[in-house]
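Here is a protein to walk through, with an eye on what ties it together. Have the viewer open and follow along from one link to the next.

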Amino acid sequence: YHSCARLRSTGVQCWGYNAYGQLGDGSTTQRTTPVTVSGLTNVLRVNAGIYHTCAVRADGTIWCWGYNYYGQLGDGTGTNRTTPVRVVNVPNFVDVAAGGYHTCGLRQDGTVWCWGYNNYGQLGTGNTSDSALPMPVPGLSGVVELSAGFNHTCARLSSGALRCWGYNGNGQ
């Protein structure tokens, strides 16, 4: 319901639906033109979920904002945020994938960490418990690319193999 873009200046602008602060400008006002995400600089990647957004900065940290009922912002709370907050405890990220109500990050060492809603196992932790903090996906390494759908997540390995987990009711 919203879109975001990384600028050449390495900032981020977002526009669209903003009931939960997913545009990151400190408000919940819907915007039909891009607004700058507050305080976010040196961004390498940005990815928008349903009602939340996350970005990877050049220092390897992930920052998220918007809807957080299931802990998909990774700050250890369930509090919605209208400006970016840092995902806690895990450094050295190179990419981020925001799903419906969950988020996964790819670390420099090729491991994947996920947090948020997990009713269908989309966090890859081997259970269906939600987590407001990043959890490693056990047994998964050598990841070079990551993508999150509404209730599933997929990773491409350096070998070219694909691994997916979570909801599979339509063969995803």
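A word on the ground rules before we start. This is a predicted model, so local features need pLDDT of at least 70 and side-chain atom pairs count only at pLDDT 80 or more, while totals for chains, interfaces and linings use all residues. Residues are numbered from 1 along each chain as its sequence is written, and side-chain values use heavy atoms, with hydrogens and water left out.

Let's begin with the cysteines. How many disulfides does a search of the whole structure find? It finds 4, where a disulfide is a pair of cysteine sulfur atoms within 2.5 Å. If you number the bonded cysteines of the protein in sequence order, the pairing reads 1-2, 3-4, 5-6, 7-8.

Go to C4 and C14, whose sulfur atoms sit 2.1 Å apart in a disulfide. The strands here are DSSP runs of E with at least two residues, numbered from the N terminus. C14 comes out at 0% relative accessibility and therefore counts as buried; the cut-offs are under 20% relative accessible area for buried, over 50% for exposed and in between for partly exposed, using a 1.4 Å probe and protein chains only.

Now move along to C104 and C114, another disulfide, with S to S at 2.0 Å. The torsion about the S-S bond of C104 and C114 is about 110°, so this disulfide is right-handed. C104 lies in strand β9 (residues 102-107) and C114 in strand β10 (residues 112-116), which means the pair ties together parts that are 10 residues apart in sequence. Both C104 and C114 are buried.

Next stop: C154 and C164, joined by a disulfide with S to S at 2.1 Å. For C154 and C164 the torsion about the S-S bond is about 115°, so the disulfide is right-handed. Here C154 is in strand β13 (residues 152-157) and C164 in strand β14 (residues 162-166), so the pair ties together parts that are 10 residues apart in sequence. Are these two buried or partly exposed? C154 is buried, with a relative accessible area of 19%, whereas C164 is partly exposed at 44%.

On to the charged side chains. Call it a salt bridge when a side-chain nitrogen of Lys or Arg is within 4 Å of a carboxyl oxygen of Asp or Glu, and the count comes to 5. One of them pairs D25 with R31, where the closest N and O atoms are 2.8 Å apart. D25 is buried at 18% relative accessibility, and R31 is partly exposed at 27%.

Then there's the salt bridge in which the side chains of D95 and R45 meet, at 3.7 Å from N to O. This pair links distant parts of the chain, with D95 in strand β8 (residues 93-98) and R45 in strand β4 (residues 43-48), 50 residues apart. D95 counts as buried at 16% relative accessibility, while R45 counts as partly exposed at 43%.

R107 and D109 make a salt bridge as well, with the closest N and O atoms 3.8 Å apart.

Finally, zoom in on strand β6 (residues 62-66). Why call β6 largely enclosed by the rest of the structure? Because 4 of its 5 residues are buried. On one pairing, strand β5 (residues 52-57) runs antiparallel to β6, joined by 5 bridges; two strands pair if DSSP finds at least two bridges between them. Within that pairing, look for C54 opposite C64 in β6. β5 and β6 form a hairpin with 4 residues between them, and G60 in the turn has a positive phi of about 85°. β6 also pairs with strand β7 (residues 81-86), in the antiparallel sense over 3 bridges. There, C64 stands opposite V85 in β7.
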